[in-house]
Amino acid sequence: MTTAIPTQPLTAALFLFGDNQEASVDALAHTLHEHGVVGSLGEGAKRLSGAGRKAANDQVAAVAHGLLDLDLGGLVIAAWGKWADLTGAAKRTFATPDSSEIVELAVHTITSAHHPSVELLVNDVHLATVRFELAVKFVIKGLVATVQHGRLVAVHAGDCDLTAALAAEGRQLAKREAHLQLPVLVRLGSGLPLLHGVAAPPVSLSVQPHE
Amino acid sequence: MHITAEINRRFGTCPITVLLDGSHLGPDATVGPDGNLSVRRTVPNDAKPGITTVRLATTSGRTLATTSFEVLPKTEAAVATPVGRGLPWLLFILLLLLLAVPALLRERARRQRRWVRHHFRAEPHPSAEDVTSLDQDPESAPSFSWRLQPHGDAGTQTLKEGN
């Protein structure tokens with residue numbers, strides 16, 4: 001059995017509207033159109049014909065899609081970076097550079113709320129603002145991670161129930177739930193620093209005069 | 001119907017009454033200078049189908065000639081009202097409209113899209129108030145960790161000179 005390794009980070013936009021970038025923008029445009037979001041933005045938008053409204057809708061979708069280009073794994077990592085159970089291990093391993101800790105973390109929930117918006121301008125004059133609400137929830141179980149030298153360097157196991165929902169102007173546009181493997185979702189690269197504002201450990205340096 | 005008659009040169013330029021089944025059929029006709037008559041008349045819509053007579057008479061009422069004439073039953077085309085006769089035109093105009101309206105709407109839509117492209121702009125405003133929180137499940141077993149502390153051993157190296 002082989003496991004597909006995603007070539008790009010999982011973003012909120014791709015999670016909600018599909019893996020293909022172009023199709024994902026189209027799907028967001030379609031749902032915005034279906035829910036009449038642009039048409040609900042006051043008299044200025046109402047004066048546009050159907051075709052004009054659709055063109056405006058497509059522009060809003062393209063811009064909003066960019067705002068939803070939010071790495072979901074990055075949200076998880078940012079939350080872990082503030083969790084005492086991990087920062088404690090980070091401090092201990094930072095103080096003892098050769099050591100490492102394997103941490104089995106308690107079941108926890110990470111919630112994240114975002115309120116991006118897209119401003120619509122006609123001839124550079126403000127027409128309306130489309131306000132979006134993105135809510136993301138991760139329920140994480142069975143997480144086992146390695147902390148080394150103050151950094152989270154590996155995630156060995158763990159499951160995540162992920163729910164994301166997007167609304168615009170109070171109308172729910174999309175909602176999706178999925179079960180993911182944490183090692184696939186979280187990309188640590190060379191390790192995630194868990195300590196901020198801590199001085200680097202002393203480095204032994206000697207200079208010998210050349211005889 | 002086309003009525004022709006050879007009367008007499010003496011009747012040249014005289015008015016002649018045309019009667020269908022005893023009723024006047026159009027205005028009086030005029031005999032040509034050569035004594036011949038040639039006129040066209042329309043059979044009235046209310047004429048009864050069947051064999052009837054066409055009579056030519058002087059204005060004083062003297063009959064000059066009589067012949068039989070069959071009024072045929074009305075066909076659909078013959079009974080068509082002016083509105084009915086205009087139906088093909090109406091259908092033609094409707095067809096033209098059916099073809100023209102979508103083309104006009106497409107052109108209007110194209111103009112609107114172009115207008116939006118030139119005058120309309122959507123500007124992103126990233127979320128300024130993101131709230132991310134982490135809550136530990138109170139029913140879950142607490143986190144725990146294993147510490148791995150390596151204790152290296154460089155070993156003991158000995159060097160002996162000679163054999």
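## The S3–S4 loop of chain A

A:Asp124 sits in the loop that links S3 and S4 of chain A. This is a predicted model, and in it the phi of A:Asp124 comes out near 65°, a positive value in a residue other than glycine. Is this residue buried or exposed? With 8 C-beta neighbours inside 10 Å, A:Asp124 counts as exposed, since the cut-off for that class is 12 or fewer.

A:Asn123 belongs to the loop between strand S3 (117-122) and strand S4 (125-148) of chain A as well. Its phi is positive too, at about 50°, although A:Asn123 is not a glycine. A:Asn123 has 9 other C-beta atoms within 10 Å, so it goes down as exposed.

## One side of helix H5

Over to helix H5 of chain A, residues 72-80. Which of its residues are buried? They are A:Leu72, A:Gly73, A:Leu75, A:Val76, A:Ala79 and A:Trp80. These residues lie on the same side of H5(A), because they cover an arc of only 160° around the axis.

## Where chain B touches chain A

Now for the interface: 36 residues of chain B are in contact with 46 residues of chain A. On the chain B side, the elements that give two or more residues are helix H3 (87-119), strand S8 (120-125), strand S9 (131-136) and strand S10 (144-148). H3(B) supplies the largest share, eight residues. Sorted by class, the chain B side has 15 nonpolar, eleven polar and ten charged residues.

## Helix against helix

H3(B) has a packing partner in helix H4 of chain A, residues 50-67. The two helices pack at an angle of about 35°, and their axes are 8 Å apart. The crossing of H4(A) with H3(B) is right-handed.

Which residues meet here? From H4(A) come A:Ala51, A:Gly52, A:Ala55 and A:Ala56. Facing them in H3(B) are B:Ala109, B:Gln112, B:Arg113, B:Trp115, B:Val116 and B:Arg117. The class breakdown of this helix contact is six nonpolar, two polar and two charged residues.

## Strand pairing across the chains

The chains also meet through strands: strand S1 of chain A, residues 100-104, pairs with S10(B). In which sense do they pair, and over how many bridges? The pairing is antiparallel and runs over five bridges. To pick out one residue, A:Glu104 has B:Phe144 in S10(B) as its bridge partner. S10(B) is also one of the elements listed above for the side of chain B that touches chain A.

How values were computed. Residues numbered from 1 in each chain as written. Chains lettered and ligands numbered in written order. Predicted model: local features only at pLDDT ≥ 70, side-chain atom pairs only at ≥ 80, totals over all residues. Buried ≥ 20, exposed ≤ 12 C-beta atoms within 10 Å, placed from the backbone. Helix = DSSP H or I, 4+ residues; strand = E, 2+ residues; numbered from the N terminus. Arc of directions from axis to C-beta. Contact = placed C-beta atoms within 7 Å. Nonpolar A, V, L, I, M, F, W, Y, C, P; charged D, E, K, R; others polar. Pairing = 2+ DSSP bridges. Axes fitted to C-alpha atoms, helices over the stretch in contact; angles between N-to-C directions. Left-handed = near helix turned anticlockwise from the far one by under 90°.
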